[in-house]
Structures are given as structure tokens and as C-alpha cells.
Amino acid sequence: MAELTSLKQAVSELIRDGDSLAMEGFTHLIPSAAGHEIVRQHKTDLTLIRMTPDLIYDQLIGMGCARKMVFSWGGNPGVGSLYRFRDAIENGWPRALEIEEHSHAGMANAYVAGASNLPFAVLRGYRGSGLPQVNPRIKFIDCPFTGEKLAAVAAIRPDVAVVHAQKADRRGNVLLWGIVGVQKEAVLAAKRSIVTVEEIVDDLGAPPNAVVLPSWVISAVCAVPGGAYPSYAHGYYGRDNNFYKAWEAISRTRDGFRAWMDRHVIGTGDFAEFRRSLIKA
Amino acid sequence: MAKIDYTADEMMTIAAARLLRDRQVCFVGIGLPSAAANLARLTHAPNIVLIYESGTIGTRPDVLPLSIGDGILADTADTVVSVPEMFHYWLQSGRIDIGFLGAAQVDKYGNINTTVIGDYHQPSVRLPGAGGAPEIATSSRDILIIIRHTPRAFVEKVDFITSVGLLDATTDRRALGIPGNGPAAIITDLGILKPDPKTRELVLSSLHPEVTIDQVKKATGWPLGVVADLPMTEPPNADELRVLRDLNHRSSQSNQKAVA
């Protein structure tokens, strides 16, 4: 059963140095607040897993929390580069970053295999692409029925998954909707999981077939209203496209990035205070 | 009739939109492909089905999304599915007519690089990577690529094949078990390139108005072939330009809105 707890406590108790960590949310419902809390608690040597690393992994990489990243598209969506990711790859700053690189289809499949407790997943993918030559977790196999050559990707089994959702009830059942990405698969593939939510309610009011994560597959549920900012929570607030554009300038230089992180993340106690610090800036 | 002014980018987007047909099912990349696909939907192809890899199927955004998963794509979609479902049931299954992609680099066989400039392990520039493109490029029936025409973008051989085009002069895509036909056209701000049916090399197949063949050759990193009797791209008409400019105007207004 999920424990209803503070984000600070959940990160402290459930994420350990050296863990493999999947923080999912495909453009929507990105667990930004949890990312900040990991930075504040100086977690290190993490293997960061995420289809679209986005700003949260740019921040974790730039703060030196990551040893390795597993991903399938590492840009600032609609804007351009993730400069802290690029600096780590191109110059090894602040430390070298090992990568394991997929396509979206391959990585989504690897999560499905993890959630299904299978060793690998099969797809008609990666044909003609250079990725299988640089990622040993992509192989080709022959279909035992037709002989067709198909790609196999090793399952992703994170130590911890972190996602953001719209609602939880008081027992810790979680409801999410809109663009749901691979959040369900990430939680089910992981050994432990943290879900931050916009609000905790008495009754989820979830219709049949809604995307519900039952309390008993989650370790901790934390109420963090606005916790997906600058991404969005469908039905609650929109994506702050201006912040994504602003990140280009904030993250371009090492000094500028570190000063921003010191002021707005390290220098604040929680996500609410972080949001207030942006208004003052 | 008075001459209509337009930019090279507008010509590119309009030329690309014209290649889409009503009722086609189109898997759309963000940015330039998304602009052209929505222009097609708002002009000659009102029943085109637009699919974005974030899981939105049959979406009809009023404004162009900045990201592949903006809320407006979900709000205006017929249905929203998970990312695994998107790639399994909708793309891999062979339901997509047109895969519409952008690229950082494209080579003379239409192979796409969005991974690295330089060596993979010691890159001079690390690009964002694959996203959905490797499987879009192989599972869609036909591929359109839209990209601005520069010598840096149009190279003889890509540094890394992220998403395969027509591979090379000797290897048939079919021999690799790739179901789709591959690149049908590359639409740029200077013209349209299509693969030569014999050599598979991209050749200049339509020249945009007021562009010279020499200009296109200079912006291409290999000795570019030109089809016989090279046609001139029809310039944008007033209707196409009005709809595109309205769409761009609405989009920039919307993207500047502060979040409450």
C-alpha cells in the first residue's frame, strides 16, 4: 500500500545513491518537483532513465547527480538543445555521462517488458538504423513462426519510478489522464515508486478503463500541487512554453546554470517556494 | 494580377502541404512537418488524420503546438493512447500512409541523422537523438522530409544513420525487411528533391520560383542531379498564404500567453 507522505521524506527514503531511476511523463505531467528534491538531497551516481530527458534531467545532469542516462530523445521540446546534457557528452562536465540510447518505440517496448516481467520485448524496429551498433541492449532475433527478423530490446527494470498525476485518493490510489505516455509501464516495471499528485481527494471518481494505478503498486504518494511545472497537468494548468524558451538562456553556460540552480532550487525549501522565487526573479 | 510576396519558408511549408492528400493518415513530427500537415488540413485536406507520437490520434489543433505533447493536441484529438500503444497498434501495424519527418542532416540517399555530428563516442555536436523517427521511417508507407536547404544539412553521407532512407546504391530496403517505401520527397526552402528510380539518389525534381539551379547545387553537399525538363513549383496562392499566416499568427499569440 502506498504511504501518503511528504516529497522530502519519499525521496529521502526511497531513492538511494547509485539507483536506477525512471522519471516519466511524456511532455505532460513531468515530475519536476521530485527532480528538484533529488537535487536538494544531493543524490548521486544515479542512472537516469527517461524517454525525453527534458529540463529535469538537464538539471540533474548539470548538478552532477547522474552517472548514466538511458533515453530516446534528448532535446528541449520545440526549442532546441539541452545544454547541460550536451556539455556532459561533449566535454564531460561536470562529470562524464555514459549513455544508452534507444528510439521511442524501442524504449517504450523495454518498459512494457519490464512491467510484464519479461526479459525482453520484440518489435519491428531499428531496421537500417545505426542505434543497434552502439547499444548492446538492442539485438535482432528470428521470429520462431515466420522467420521474420525482429528487434529485441532488453527490459527496463528501474530501482525507482517517479511520476506525477492529477489525483490520488486517501488510500493512495492514483488517477491520471490526458497524454499518459509510459507512466503506468514505468511504475509497474520498477521495484519502488513515488507518485506526486496535484491533489488528494476523497473519491477519484474514475470511470472504468481510466488509467488508475492502484495503491498497492505504489510506495509513496505525495501531494505537490503544481509539481509538474513548467510542463502541465491536463485539467489543472497549461504548459509554460515561455519557461522552456527561457531555459535555453538559463542553461547555456555552466555559471549561469549553477547560479540559477543555487538561487531557485538549492536555495529554496520546496517546490512552492521555488515557484515564488520565480515570480520574484 | 498583382504579384504576391512570400518568404522561402512559406513556400517550403506550402509546397510540403500540397503533397498531402485528403483522408490520408499522417504521422507528424513536431516543427516544420506539423506546420505543413496542419496547413494541409486547413486547406485542401480537411479529413486528413494527423497522429503525433505523444499518443494523440486524429488531432485538430487551432494553433501549432510548441512541443509534441502540448495540451491542445490531446484536447482536439479523437482519442489519446499511451506511447506503447501508439507505436505497437498504430505505427508498427502498418496503418500510416505518410510519415512526415524533419531532420538535422540528410544524405543523398535520404538517410536521416538526428544523433551526432562527428564520431558517436566523441561527438563534436550531440543532437537530440532518434525519438520516434527510426520506426516512423520504416513502418509508414511513404516518407516526406521537410528541411531547410544548407550545405551543412545536405551531406554526401550522414555521420550516423538514425533513421534509414534508401540506404545506399546497392542495398534494397526490402532486403532488410523494411515494409515502407522510404522517402518519396524532400521538401526544402529551395525546391523539392526526389529519389531517382534507378540510382536512388535524390535529384532536384522541382525548383521553387526565383531560385536558380546553381543556388540549389551550392547548398547541396554532393554533385546534385537534376531531372530533365525541371518543373517550377507553383508559387503560393493567396488562399494558402492567408491560412498559413493566420495559423502562424494564432500560434505565436498562443505561445506567448503566460501560464496562470
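1. What percentage of the 281 residues of chain A count as buried? The share is 55%, where a residue is buried if 20 or more other C-beta atoms, placed from the backbone, lie within 10 Å of its own, exposed if 12 or fewer, and partly exposed in between.

2. This is a predicted model, in which local features need pLDDT of at least 70 and side-chain atom pairs count only at pLDDT 80 or more, while totals for chains, interfaces and linings use all residues. Residues are numbered from 1 along each chain as its sequence is written, and chains are lettered from A and ligands numbered from 1 in the order in which they are written.

3. Chain A has 10 helices and 15 strands, these being DSSP runs numbered from the N terminus (helices H or I, at least four residues; strands E, at least two). Its radius of gyration is 18 Å, close to the 19 Å that the globule rule gives for 281 residues, so chain A is as compact as a globular protein of that length; the radius is taken over C-alpha atoms, and the rule is 2.2 Å times the number of residues to the power 0.38.

4. In the open sheet of 3 strands in chain A, the order is E8-E10-E9 and the pairing antiparallel, with two strands taken to pair if DSSP finds at least two bridges between them. Strands E8 (120-123) and E9 (138-142) of chain A stand at the edges with a single partner strand each, so one side of each is left without a neighbour in the sheet. E9(A) is joined to E10(A), residues 149-154, by 5 bridges, and Ile141(A) stands opposite Leu150(A) in E10(A).

5. The largest nonpolar core has 162 residues, and those with the most contacts inside it include Tyr111(A), Val195(A) and Ile145(B); such a core is a set of buried Ala, Val, Leu, Ile, Met, Phe, Trp, Tyr and Cys residues joined through C-beta atoms within 7 Å. H5(A) gives the most to this core, with 8 residues.

6. Between the chains, 47 residues of chain A are in contact with 42 residues of chain B, contact meaning that the C-beta atoms, placed from the backbone, lie within 7 Å. On the side of chain A that touches chain B, the largest share, 5 residues, comes from H5(A).

Notes: Two residues are in contact if their C-beta atoms, placed from the backbone, lie within 7 Å.
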